[in-house]
Every structure is written in structure tokens, then in C-alpha cells.
Amino acid sequence: MARRPSIVFVCQECGAQSPKWLGRCADCGAWNSFVEERAPDPQASAAAAHRYSLAGATGSARLYSDIEIEQHARLTTGIDEFDRVLGGGIVPGSLVLLGGEPGIGKSTLLLQAAANLARSLGPVLYSSGEESEHQIKSRGERLAVGRAPLYLLAETCLERILEEMARIRPALVIVDSVQTVFSLKFQSAPGSIGQVREAATQLLFAAKGQNVPTFLVGHVTKDGSLAGPKALEHVVDTVLYFEGERHHSHRVVRAVKNRFGAVSELGVFEMTAAGLRAVPNPSKLFLAERPANAPGSAVLCSVEGSRPILVEVQALVSSSTFGNARRMASGIDQQRLALLLAVLEKRAGLNLVGDDVFVNIAGGMTVDEPASDLGVVAAIASSVRNRVIPASTAMFGEVGLAGEVRGITQASLRVREAAQMGFSRCIMPEANLDPALEREPFRRAEDRDRPVGAAPDDAALHRAGACELIGVRTVGEALDFLMS
Ligand SMILES: Nc1ncnc2c1ncn2[C@@H]1O[C@H](COP(=O)(O)OP(=O)(O)OP(=O)(O)O)[C@@H](O)[C@H]1O
Ligand SMILES: [Mg+2]
Ligand SMILES: [Zn+2]
């Protein structure tokens, strides 16, 4: 008897399955999220899984001590900041997901990397389900791709993409985007949870089986998470997010998961007519437009991944004309702002009832580290009291509910960055003050190229001057110091 293809209903939010349609998912609570999908043939899937197994796997268990470590020679994308986010370049056979909002520059970045790799390593396959070959080529002309062995494929069928991969044997594959790809095995629409999961899984087998690094572009939903199943993030080795504001030219790529490197590592780019350009000194960029002598502006030192970045936080407090006061945060967490405002009211005696409070990290950066608390608090207090914070002062520290300033990690890294950027004073948690830090000779921007640890000559030390470190225990102490 011919088997009837079984129908399942799948929640597009969480992947839960049900034999019949449901109005509300019992697992994740999403409304109207069930879509009819045809269950894949279990025999076919098992055969496929058998065909592709991880490279080098023998099928039987091996003794830990018998396994030799593979030295992953990483491939460079030719873009320093991109290599940095990846943890030092592309690991052969890895599957990387790059997510980001529409028009942020995902295709641009990957086309630039593809062209660089094609020049240095040989054929690269760029498969797009969103743009025609002509569209991609006209972008490529702008990016000066030139004569590199770069293959363009305008295709949405997964099986065809895999065929072309087998034919061209590329050194790198890019699939733009995973939501447009569909497999002939499923009858649901491209972008549905079943299709996205199948595409990612098949491309994972291909990447591992042929040892070809593969990049997937992923769309993000309105709330900023990657569209499609959360499972997608588990399948891939690395998840990168492309962030930035449409109205600013700079973009940030952040690693949120990386099996081969540190997470929250950051790459900073600037969007130009000739594509994305790496920004080697982000602090300079983020402080470039800092207003002079304006109340409500403070500089905080945050650490993203392994890199310290100075950013300006701006606050504006004004009396509310309507009954309910507004509190708006951009670049920091809204909840965190509410908490810091409560601390300021209760522990530092600021009266903010009936005031609108706006807080913004200049330049569209996002900081989500507790160490940025002190800067936010100082900017708000500076606006309320209409007192300017000296332009040469930087700060960092976590603020607790009792109004205490708590120690944070990597203090010396932050101080060094502040000193390099020419700041002469750092307000920091007292707990982080230690004699070793105070003895350290700080270097300025002009000494940046000098290797870390090399003894500076007397002249350099003289130029660097001293970055004065001021330890504070409470928010009150910090504000007294800043605004006395
Ligand atoms: N001539 C140009 N000069 C400067 N910037 C440009 C130029 N042309 C395009 N751009 C920038 O490139 C961006 C589009 O980049 P890209 O197509 O790589 O984005 P994407 O993330 O792939 O978008 P999508 O989600 O639509 O695929 C535009 O938003 C614009 O900022
Ligand atoms: Mg695109
Ligand atoms: Zn669900």
C-alpha cells in the first residue's frame, strides 16, 4: 500500500509539532503560529544522514588520548575587523550565521569577503535567493571585486545549490539568505521553520563533509531576533549579528555564539560608497562629535569582547508637560535605566518625579555591561544639576541598589584605553584600585604601535603624563567629585 504523506502542523515560533491545527501553541504560547507542513520521509532522512557524516568521523568511539588535535589554520577574510569577530579568521568547515536588519549591509560585507577569499584561495560560490546576478554584479563593481574566481548563483532550491557546490568545489560558500532557500523534500513555503531547519542542516553536512566554510545570511524579526527556529542558532558554529543605525554610517558586527572564539567580540565598520571599511580605533569614532562644555554628557569605558571602547552617554532631563513622565533609553537597557533612576532618587537625593528622562549612547552604539552604570548615572545627574563634567574625565563602574559602586572586570584595560585617548582622569570603583595599576605607565595614542610591555623611554612617559585614578565607593561620592 502506498504510504500517505503525513501532515504535521508546526509552530513557526518554537518548532513544536501537532497532528492538528492549534490556535495557540501549548509550548511557547504564541498565537496563530501553526502552519501545515509535510513530514519528511523518515527513511530518506536517515539515508541522507548516513551519507553525510562529520569529516574524519569513523563511526566507532575512539579513545580520547588517541585523537590528534587538528591545527585549524584559519582563513583570513582580508578584512581585519571581520577576522577579529570570527575569532581570528574563518575556521575550515565551519558554518556561520550572519543576522541583521534589512539593508544594514550583510550582502555587502559577505561579497567583499568573498572577493578577497576568491583572490587568495580560489573559487568562491555566492548563492543568492534575493537578488539577480546582475544586481550582485553591480554591487560588486562598486566594491571593486575585479577579476576574482567568484561564482554567482541566483537560486533558491537547496538541492541545486548543493549540486553547484559539488561541481565548483569552492573554497567558501555564501548562501544569501537561508530564509529564501527551500528543499524539494518539503512542501511548505521557503522561510518556514521546516525549510529553514532543513536548509541549515543540509548545508551543515555539506560544510563539514567537504570541509568548506559556509556563511548563511539570516533575516531578523521585528523584535531583533533571528527569524526562524531558535534551533538554527544551535545548528551553526558561529552566530554573528550586524547592528547599526540606518542614519549612521558605522556598523558593528558582534559574535553572540562562537565555537571557535570569544563571544561578544566586536568588529566596527563604516559604510562607504566603496563598501564597508574597517574602523581600527572605535573610541575615536564614537567620541568624534562630543560636544564641548555641555551638561548631560559623560564618557564611559566599556569592554566589548577583548576590546575596550570609550563611548559618550548623553542624558537630558526636563520637566514633563504631561502627567506621566517619560523615560526613554537608546543604547542601554530600559529596565537598567529605571533601576538607576530609582537609585539616584533614593541614594543620591535627586528628585526626578515628574521629569522626562532621555538617555542615549551617542553614535548608535549599544552597551549592555554593568560597568557602564556609573557613566549613565553621572550623565543624568549632570543634566539635572546643569553642571558640566570635565571633558578629560572618563568613568566606569557598576552601581548597586544601595548606591554603592561595585568593582568590575578588566579595569586596567579600560584605564589604559582612557589614557591612550588622552583622558587625564578616571573615576572608577575603589575596589579596582590596586597598586600595580597605579604604577603602570600609561601610553597615549601616539605610542599605540609600541608593543605592549616594552619599556617606554623617558620622553614617551613624560608625554603620556599621568592618568589620575580616583576610586569611589558610592554614587554620592562620585557625583560630589564630578560636580564639585
Ligand atoms: N552607493 C552607495 N554608497 C554608499 N552606501 C551605499 C551605496 N549603495 C548602497 N549603500 C548602502 O548599502 C546598504 C545595502 O547593503 P546590503 O544590500 O549589503 O544590505 P543587506 O543587509 O544585504 O540588505 P537585505 O536585507 O535587503 O539583503 C544600503 O542600505 C546603503 O546603506
Ligand atoms: Mg542582502
Ligand atoms: Zn510554539
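User: In this predicted model, strands are DSSP runs (E, at least two residues) numbered from the N terminus. With that in mind, which strand gives the largest share of the lining of the second largest pocket?

Analyst: Let's go by the strands that take part. S9 (238-244), S10 (250-258) and S16 each supply at least two residues of this lining. The largest share is 4 residues, and the strand they come from is S9.

User: Where does the second largest pocket lie?

Analyst: The pocket has a volume of about 370 Å³. Among the 18 lining residues, those closest to its centre include Glu-101, Phe-242 and Thr-366. Domain 2 (74-280) and domain 3 (285-483) both give residues to the lining, so the pocket lies between domain 2 and domain 3.

User: How many residues of that lining are polar?

Analyst: Split by class, 6 lining residues are nonpolar and 3 are charged. The remaining class, polar, counts 9.

User: Which strands stand at the edges of the sheet of 9 strands?

Analyst: Read the order across this open, mixed sheet: S6-S5-S7-S8-S4-S9-S10-S11-S12. The edge strands each have a single partner strand, so one side of each is left without a neighbour in the sheet. They are S6 (150-154) and S12 (275-278).

User: In S11, which residue stands opposite Val-253?

Analyst: S10 and S11 (266-272) run antiparallel and are joined by 5 bridges. Val-253 faces a residue of S11, and that residue is Gly-267.

User: At about what angle does helix H5 run to S5?

Analyst: Helix H5 covers residues 158-168 and lies across S5, S6 and S7 (172-176). Helix H4 (133-142) also lies across S5 and S6, plus S11, and its angle to S6 is about 145 degrees. For H5 against S5, the angle is about 165 degrees.

User: Over to the sheet of 7 strands: which residue is the bridge partner of Ile-427 in S21?

Analyst: The order here is S15-S16-S14-S13-S17-S20-S21, again an open sheet with mixed pairing. S15 (327-330) and S21 (468-472) are its edge strands, each pairing on one side only. S20 (425-429) pairs with S21 in the parallel sense over 5 bridges. In S21, the partner of Ile-427 is Ile-470.

User: What angle does helix H10 make with S14?

Analyst: Helix H9 (334-348) lies across S15 and S16 (355-361), at about 130 degrees to S15. Helix H10 (373-385) packs on the sheet, touching strands including S13 (297-304), S14 (307-319) and S17 (393-395). Its direction makes an angle with that of S14 of about 30 degrees.

Terms used
Residues numbered from 1 in each chain as written. Chains lettered and ligands numbered in written order. Predicted model: local features only at pLDDT ≥ 70, side-chain atom pairs only at ≥ 80, totals over all residues. Heavy atoms only, no water. Pairing = 2+ DSSP bridges. Contact = heavy atoms within 4.5 Å. Axes fitted to C-alpha atoms, helices over the stretch in contact; angles between N-to-C directions. 1 Å grid on protein atoms, 1.4 Å probe; cavity = no way out; pocket = protein on both sides within 12 Å on 5 of 7 lines; lining within 4 Å. Points joined across faces, edges and corners; volume = space filled by probe spheres on them. Nonpolar A, V, L, I, M, F, W, Y, C, P; charged D, E, K, R; others polar. Domains from an automatic or database assignment.
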